[in-house]
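This briefing goes through one protein model by topic. Overall form comes first, then the annotated segments, then two single residues.

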Amino acid sequence: MPAIEATGLTKIFGRKPQRGVRMLAEGADRERLRREGLTAAVIDATFDVKPGEIFVVMGLSGSGKSTLIRMINGLLEPTDGTLRIDGDDVTHLSAARLREMRRNKVSMVFQHFALLPHRTVGENAAYALQLRGVNKADREKAGEEALGMVGLGGWGGHMPSELSGGMRQRVGLARALAAGTDIMLMDEAFSALDPLIRKEMQDQLLELQSELGKTILFITHDLNEAMRLGERIAMMRDGRIVQVGSAEEILNEPANDYVSQFVADVDRTRVLTAGAVMERPVAVVGPNTGPKAAHRLMREHQTQALLVVSNDRQVRGVVYEEDIAEAVRDGSEKLPLRDGEGIARVSPDDFLADLFQHAAATRAPLAVVNETGALVGIIPRVTLLSALTPPSLDEPGDSGAEAALETTAGGTR
Ligand SMILES: Nc1ncnc2c1ncn2[C@@H]1O[C@H](COP(=O)(O)OP(=O)(O)O)[C@@H](O)[C@H]1O
Ligand SMILES: [Mg+2]
């Protein structure tokens with residue numbers, strides 16, 4: 001069951017919002033509504049967020065991100081569509097039920113986190129628990145624990161004025177953690193921070209996420225942040241979600257020109273991982289393979305080097321074309337293994353940016369290995385290079401190439 005499920009979610013601001021819904025259904029665009037004094041802030045948003053996922057909503061200023069998140073946390077009532085949290089329909093809750101839902105299910109971190117200036121950092125962190133009526137001792141314990149998780153252990157007794165901007169934002173995160181809800185909503189939570197501190201906070205969020213497994217809906221207007229954090233990303237434009245997908249999908253299969261222009265400047269090497277571009281390790285040989293069989297495999301796969309892999313998938317070495325050719329000429333029975341030399345082992349999670357130094361140091365394909373050192377994929381050098389080039393929407397596909405061939409054939413007929 002999704003943690004959050006939005007179906008046709010729509011929010012229209014103005015005096016007669018339902019009229020806006022009808023106009024949209026009849027095909028009117030946003031501009032047309034605007035002329036009637038209606039702002040279609042979110043239009044027909046359909047998506048779900050899985051439990052334990054970081055789902056990022058990405059879009060330029062004014063695209064409807066905050067309105068969307070405010071409907072999810074119950075600050076705004078949807079004009080149309082349905083919203084479910086943990087399977088419960090929360091689209092039109094009474095004020096009392098809404099408060100209860102907000103308190104128990106979702107917590108929110110804002111861009112400018114308002115700390116209560118006359119309360120200690122610890123009290124600020126545990127504030128949600130105070131609203132819930134938790135006693136002081138338990139509150140302090142939970143507050144101190146949450147501060148520890150965000151790297152502010154021991155700061156509980158200080159006052160907010162003693163903290164830097166980055167530290168205050170951490171208190172905001174601690175407050176959401178102390179609240180103990182499964183769902184965290186973050187609206188541009190890191191956008192006001194300096195780049196370096198922002199990067200630290202992103203790392204920390206990823207770390208917390210892997211420890212705690214919260215469901216996080218994270219909003220940003222920064223594409224790089226979206227790609228770093230999001231398991232899936234929803235791209236919003238003018239109130240509509242134009243694409244939902246992983247960073248790789250959005251980079252490699254942009255849904256339209258808008259998305260492809262948006263991602264054109266992204267440093268792909270810092271988004272794509274070894275796991276995303278690796279190939280099935282078919283061009284590998286066992287240690288007992290003979291030189292002739294290895295040579296044949298090399299020609300089949302048009303490669304100059306083969307990884308030698310034992311039965312338990314451990315990489316034992318590499319054999320090169322020239323050594324193999326010599327062994328075949330000499331009638332040798334043994335693979336001319338170059339022990340350990342020239343093998344680059346990388347993790348599926350490594351970014352391409354970190355692979356180039358390895359690729360430069362060896363002619364062999366990179367060996368992608370898991371935690372136990374077992375081979376899970378290989379990355380030939382050509383694959384690494386071609387992964388750098390974004391797909392072009394204008395590029396003719398296979399059908400285009402066929403059409404070109406047909407034209408040529410027609411010409412000679
Ligand atoms: N309370 C409101 N009343 C009227 N219009 C609003 C209100 N809140 C947001 N809007 C409008 O809705 C659109 C989307 O705004 P918002 O959701 O804040 O976008 P974002 O967070 O992506 O910058 C904007 O045109 C904004 O002016
Ligand atoms: Mg906003």
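The radius of gyration of the protein is 27 Å, whereas a compact globule of 413 residues would have a value near 22 Å. That radius is taken over C-alpha atoms, and the globule rule is 2.2 Å times the number of residues to the power 0.38. This is a predicted model, in which local features need pLDDT of at least 70 and side-chain atom pairs count only at pLDDT 80 or more, while totals for chains, interfaces and linings use all residues. Residues are numbered from 1 along each chain as its sequence is written, chains are lettered from A and ligands numbered from 1 in the order in which they are written, and side-chain values use heavy atoms, with hydrogens and water left out.

**Overall form**
- The C-alpha trace of the protein spans about 85 × 65 × 35 Å along its principal axes.
- The protein has 18 helices and 17 strands, taken as DSSP runs numbered from the N terminus (helices: H or I, at least four residues; strands: E, at least two).
- Contacts are heavy atoms within 4.5 Å; among those between residues at least 6 apart in sequence, 64% join residues at least 24 apart.

**Surface and charge**
- Of the 413 residues, 46% count as buried, meaning under 20% relative accessible area (1.4 Å probe, protein chains only; exposed is over 50%, partly exposed in between).
- The 48 positive and 58 negative charges have mean positions 6 Å apart, with Lys and Arg counted as positive, Asp and Glu as negative, and His and the chain ends not counted. Each charge is placed at NZ of Lys, CZ of Arg, CG of Asp or CD of Glu.

**Annotated segments**
- UniProt, in an unreviewed entry, lists residues 25–263 as "domain: ABC transporter"; such annotations may be inferred rather than shown by experiment.
- Residues 25–263 are 42% helix and 21% strand, with end C-alpha atoms 31 Å apart.
- The unreviewed UniProt entry also gives "domain: CBS" for residues 278–335, where the chain is 33% helix and 22% strand and the end C-alpha atoms are 25 Å apart.

**G64**
- G64 sits in the loop between strand 3 (54–58) and helix 3 (65–72).
- G64 counts as buried because its relative accessibility is 8%.
- Not counting residues up to four places away in sequence, G64 touches A41, V42 and M236.
- The C-alpha atoms of G64 and D238 are separated by 6.9 Å, although these residues are 174 apart along the chain.

**T383**
- T383 lies in helix 17 (residues 381–386) and counts as buried because its relative accessibility is 12%.
- With neighbours within four places in sequence left aside, T383 is in contact with V277 and E279.
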